Amino acid sequence: MRNTKAFKEAVAETLAELARRGVTIAPATVEDTIERNVQAVANQLRIQVRSAWRYFDASALADSIAQSLQGFEDSTPDDGVGQAPMPPRDNPELALILAGVPDALARTGGDLYAVILNVAVNAWMAGHIHGEDGCEGCDGSRGPTGHDWQARMHTLTDMQPDITKWFDRDVWTSALNSTGFTVTRN
């Protein structure tokens with residue numbers, strides 16, 4: 001289905017309609033949605049996929065996607081429910097994670113997926129540890145005194161004396177470029 005002219009036109013039209021609505025979504029997400037919808041129409045009407053294209057409406061799909069996205073954003077309160085825990089922006093552990101990205105990129109030979117996965121897991125853990133004393137899921141897994149979060153932050157600060165530099169985009173980009181890799185948009 002994805003190699004057909006109809007599919008490619010449907011994706012382009014839907015992305016254009018989303019852009020008119022000020023909604024930015026990855027083309028792969030739009031492609032998956034169109035494929036699911038057209039296949040569902042074909043299955044429900046018991047017709048061939050190529051016949052199901054006559055029921056496709058890029059504008060209606062863009063409206064549906066935009067409404068779903070807005071509904072999700074409206075239902076997500078500002079207090080972070082449903083969001084991964086993140087440490088404070090000036091957290092030394094987060095600085096170490098950012099500092100490790102260029103090295104991880106060089107170590108993996110440019111495997112951006114492996115680097116992003118590593119960053120995501122470590123950032124989540126940093127946020128989890130930061131807020132652990134309020135984490136109901138961790139009850140019983142800590143000792144009676146909990147964790148000494150301040151001692152952990154002092155240890156991390158000692159490991160990386162200049163933590164604030166890693167929150168500077170130019171410093172980080174320079175370190176990334178020094179590995180021989182860059183991130184560019186095609």
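**Reading a helical model: a dialogue**

Tutor: We shall begin with Thr 14, which is in helix α1. The model is predicted, so local features need pLDDT of at least 70 and side-chain atom pairs count only at pLDDT 80 or more, while totals for chains, interfaces and linings use all residues. Residues are numbered from 1 along each chain as its sequence is written, and side-chain values use heavy atoms, with hydrogens and water left out.

Student: Is Thr 14 buried or exposed?

Tutor: Buried means under 20% relative accessible area, exposed over 50%, and partly exposed in between, with a 1.4 Å probe and protein chains only. Thr 14 has a relative accessible area of 0%, so Thr 14 is buried.

Student: Which residues does Thr 14 touch, not counting residues up to four places away in sequence?

Tutor: Contact means heavy atoms within 4.5 Å. With that exclusion, Thr 14 touches Val 30, Ile 34, Phe 56, Ala 58, Leu 61, Ala 62 and Ile 65.

Student: How many helices and strands are there in the protein?

Tutor: Helices (H or I, at least four residues) and strands (E, at least two) are DSSP runs, numbered from the N terminus. The protein has 8 helices and 0 strands.

Student: What does α1 reach from its first C-alpha to its last?

Tutor: The expected span of a helix is 1.5 Å times one less than its number of residues. Helix α1 (residues 5-20) has 16 residues and reaches 23 Å, close to the 22 Å expected.

Student: Which residues of α1 are buried?

Tutor: They are Phe 7, Ala 10, Val 11, Thr 14, Glu 17 and Leu 18. Seen down the axis of α1, these buried residues fall within an arc of 135°, so they line one face of the helix. The arc is that of the directions from the helix axis to the C-beta atoms. On the face turned away from the buried side are the exposed residues Lys 5, Ala 19 and Arg 20.

Student: What follows α1?

Tutor: Gly 22 follows α1, and its phi is positive, near 75°.

Student: Where is Trp 172 found?

Tutor: Trp 172 belongs to helix α8 (residues 169-178). Trp 172 counts as partly exposed because its relative accessibility is 23%. From C-alpha to C-alpha, Trp 172 and Ala 99 are 7.3 Å apart in space, although they are 73 residues apart in sequence.

Student: What share of the residues in the protein is buried?

Tutor: Buried residues make up 27% of the 186 residues.
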